[in-house]
Amino acid sequence: MSKENVLTIVVALIVGLLGGYLIFNIAGQNKEPQVAMSVPQGAGSPTDYQRRIVEAEKIVAQDPKNLQAWIQLGNDYFDTDQAQKAVNAYGKALELDPNNLNVMTDQGIMYRKIGWYDKAIANFEKAQSIDPKHLQSLYNLGVVYLQDLKQPDKAKEIWTKYLQFDSTSPTAQQIKNDMAGMNQMPTSFKK
């Protein structure tokens, strides 16, 4: 997704949330006060990734065959921008479940973040060989070809395949926008 599209989505969400808040507050001014409900501690608070990482590390140290703990650890490293640690945790998960397409794709995304595009492509292509309809790996494969390897024709080929399976989701719309932008690129970038 381009930075402009992400910014547009974030601004739209904020405006929508504020609008909804104002509407409900104005509409609720003439009503009787509501009884406050008890909320469990930690509910609604930001995720404590560091605590979760420490706990998951303890679990996998005691039980190295705990697939879910490795996946959670990889996801938490992913979410905290620790790409190399995420790659390693996902690698352990893939040793236990070699055909887990989502883990394979997430590891590929982290390979891309590190700059190991060949490994990212290998992961996405392996996921595609297992399930040609796995959209997340297909999407990310196109991203690597377009943004990192500057091969828009290859990205277009991959994303055309994506659009055969999904043509209406927000991701499909993003792909259509990116493909339309490819047609407007200077010829020095098109190659």
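This is a predicted model: local features need pLDDT of at least 70, side-chain atom pairs count only at pLDDT 80 or more; totals for chains, interfaces and linings use all residues.
The protein contains 10 helices and zero strands. Along the sequence, the pattern is accordingly written α-α-α-α-α-α-α-α-α-α. Of the 191 residues in the protein, 31% are buried. Among contacts between residues at least 6 apart in sequence, 43% join residues at least 24 apart.

Two packed helices are described by the angle between their axes and the distance between the axes. Helix 6, spanning residues 117-130, packs with helix 7, spanning residues 135-148, at an angle of about 150°. The axes of helix 6 and helix 7 lie 9 Å apart. Because angles over 145 degrees count as roughly antiparallel, helix 6 is roughly antiparallel to helix 7. The crossing of helix 6 and helix 7 is left-handed. On the side of helix 6, the contact is made by Tyr 117, Ala 120, Ile 121, Phe 124, Glu 125, Ala 127 and Gln 128. These residues meet Ser 137, Leu 138, Asn 140, Leu 141, Val 144, Tyr 145 and Asp 148 in helix 7. By class, nine residues of the contact of helix 6 with helix 7 are nonpolar, three are polar and two are charged.

The second pair consists of helix 8, residues 152-165, and helix 9, residues 170-183. The axes of helix 8 and helix 9 come within 10 Å and cross at roughly 150°. Helix 8 and helix 9 are therefore roughly antiparallel to each other, and helix 8 passes helix 9 in a left-handed crossing. From helix 8, the residues in contact are Pro 152, Ala 155, Lys 156, Trp 159, Thr 160, Tyr 162 and Leu 163. Their partners in helix 9 are Thr 171, Ala 172, Ile 175, Lys 176, Asp 178, Met 179, Met 182 and Asn 183. The contact of helix 8 with helix 9 comprises nine nonpolar, three polar and three charged residues.

Asn 100 is located in the loop between helix 4 (83-96) and helix 5 (101-114). The relative accessibility of Asn 100 is 17%. Since buried means under 20% relative accessible area, Asn 100 counts as buried. The side chain of Asn 100 reaches the backbone nitrogen of Asn 102 at 3.2 Å. When neighbours within four places in sequence are left aside, Asn 100 is in contact with Ile 71 and Leu 94.

Key:
Residues are numbered from 1 along each chain as its sequence is written. Side-chain values use heavy atoms; hydrogens and water are left out. Axes are lines fitted to C-alpha atoms, for helices over the stretch in contact, and angles run from 0 to 180 degrees between N-to-C directions. Helices (H or I, at least four residues) and strands (E, at least two) are DSSP runs, numbered from the N terminus. Angles under 35 degrees count as roughly parallel, over 145 as roughly antiparallel, 65 to 115 as roughly perpendicular and the rest as oblique. A crossing is left-handed if the near helix is turned anticlockwise from the far one by less than a right angle, and right-handed if clockwise. Contact means heavy atoms within 4.5 Å. Ala, Val, Leu, Ile, Met, Phe, Trp, Tyr, Cys and Pro count as nonpolar, Asp, Glu, Lys and Arg as charged, and the others, Gly among them, as polar. Buried means under 20% relative accessible area, exposed over 50%, partly exposed in between (1.4 Å probe, protein chains only). A polar contact is a pair of N or O atoms within 3.5 Å; within protein, one must be able to donate a hydrogen and the other to accept it, and residues adjacent in sequence count only if both atoms are side-chain atoms.
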